[in-house]
Amino acid sequence: MRLVFRILGLLLLAAIAVGLYAGYRIGFGHPFTINQLADRQAVAFVARNPELFTQIGLVDGTVLDRHSGKLAPVGVAKRDENYAFAEKALTEVRRYDRDKLGTQDQITFDILEDQYESALAFRPFTWVSSDGMYAVDQMWGTNVSLPAFLLSGHTIKNAKTAETYVQRLEASGAKIDGLVAELERQTAAGVILPGALVARTIAITRDTIAPDPAASPLVAKLETGMAALDAMAQEERAALKARAVAALTDGLYPAYARLITALQALEPAAQAQGAGIGRLKDGAALYAVMLRQ
């Protein structure tokens, strides 16, 4: 009987050892399959981008939620972190011998390789922002996408997500100031939005901060969300609304005002240039990169 228990114990230890080894390979080392690597890289990418994590909508408002009160930063540091992530991920993909993979895994290999190569292809253009070719624009820039995300991407479904929504409002001024810094960095490198886009961006930004902070759609979103939470005390609702109004009054609105001032300073130079990408340093090479992408 002792021998049986000893054998069972050894088998249990062996199973634990195998499990730990497999867990290490999948989580940190060289995964057994390229699909396991793709999954791991996707999780790592999402974890680095809290807005995207929220839009996926898996764990916001739960005990696992450690991200929904945060915003990804803007700037050179974030951009270079993205490059470093893509470089490391590409190295991990290329550890697999493509010729030894099955047909479906070869497709996965090719997609991942192209994705990371495309991201790294922008590295030679040192003026490119972390959030795209331009730090600011009238349609796709973070100056537009940030309030759009807050209004439609962050769902208020319990007290925790109401709190984290306000935390994001409180962080939004710093994010817009990051855009202003990027705008100024690009300007110093000779990269300026076409004149028509500068004018439109100014107009859109003015519209964003036109309402009184207390009447802003960003505050109304919070009030509507909290109204549906029966378990939330009135005092807590009032306190969160006060914080939201203060976040706009003291943070986001002044940051947008600084953005308008920076854009206005660009208008003469913007109007004096053409609109084509060829006007930019290495514009033809950038055009080729974007066309391939």
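1. Start with helix 6 (residues 142-152) and helix 7 (residues 159-188), which in this predicted model pack at an angle of about 175°, their axes 11 Å apart. Since angles over 145 degrees count as roughly antiparallel, the two helices are therefore roughly antiparallel to each other.

2. Next, have a look at who meets whom between these two helices. From helix 6 come Thr142, Asn143, Leu146, Phe149 and Leu150, and they meet Tyr165, Arg168, Leu169, Ser172, Lys175, Ile176 and Leu179 of helix 7. Sorted by class, this contact has seven nonpolar, three polar and two charged residues.

3. Is lysine 221 buried or exposed? Its relative accessible area is 17%, and buried means under 20%, so lysine 221 is buried.

4. What does lysine 221 touch, not counting residues up to four places away in sequence? The answer is Leu150, Leu151, Ser152, His154, Ile156 and Tyr165.

5. Finally, turn to glutamine 106 in helix 5 (residues 103-120). This glutamine counts as buried, with 19% relative accessibility. Leaving aside neighbours within four places in sequence, glutamine 106 is in contact with Arg98, Asp99 and Leu101. Tyrosine 96 is 10 residues from glutamine 106 in sequence, and their C-alpha atoms are 9.8 Å apart.

Notes
Residues are numbered from 1 along each chain as its sequence is written. This is a predicted model: local features need pLDDT of at least 70, side-chain atom pairs count only at pLDDT 80 or more; totals for chains, interfaces and linings use all residues. Side-chain values use heavy atoms; hydrogens and water are left out. Axes are lines fitted to C-alpha atoms, for helices over the stretch in contact, and angles run from 0 to 180 degrees between N-to-C directions. Helices (H or I, at least four residues) and strands (E, at least two) are DSSP runs, numbered from the N terminus. Angles under 35 degrees count as roughly parallel, over 145 as roughly antiparallel, 65 to 115 as roughly perpendicular and the rest as oblique. Contact means heavy atoms within 4.5 Å. Ala, Val, Leu, Ile, Met, Phe, Trp, Tyr, Cys and Pro count as nonpolar, Asp, Glu, Lys and Arg as charged, and the others, Gly among them, as polar. Buried means under 20% relative accessible area, exposed over 50%, partly exposed in between (1.4 Å probe, protein chains only).
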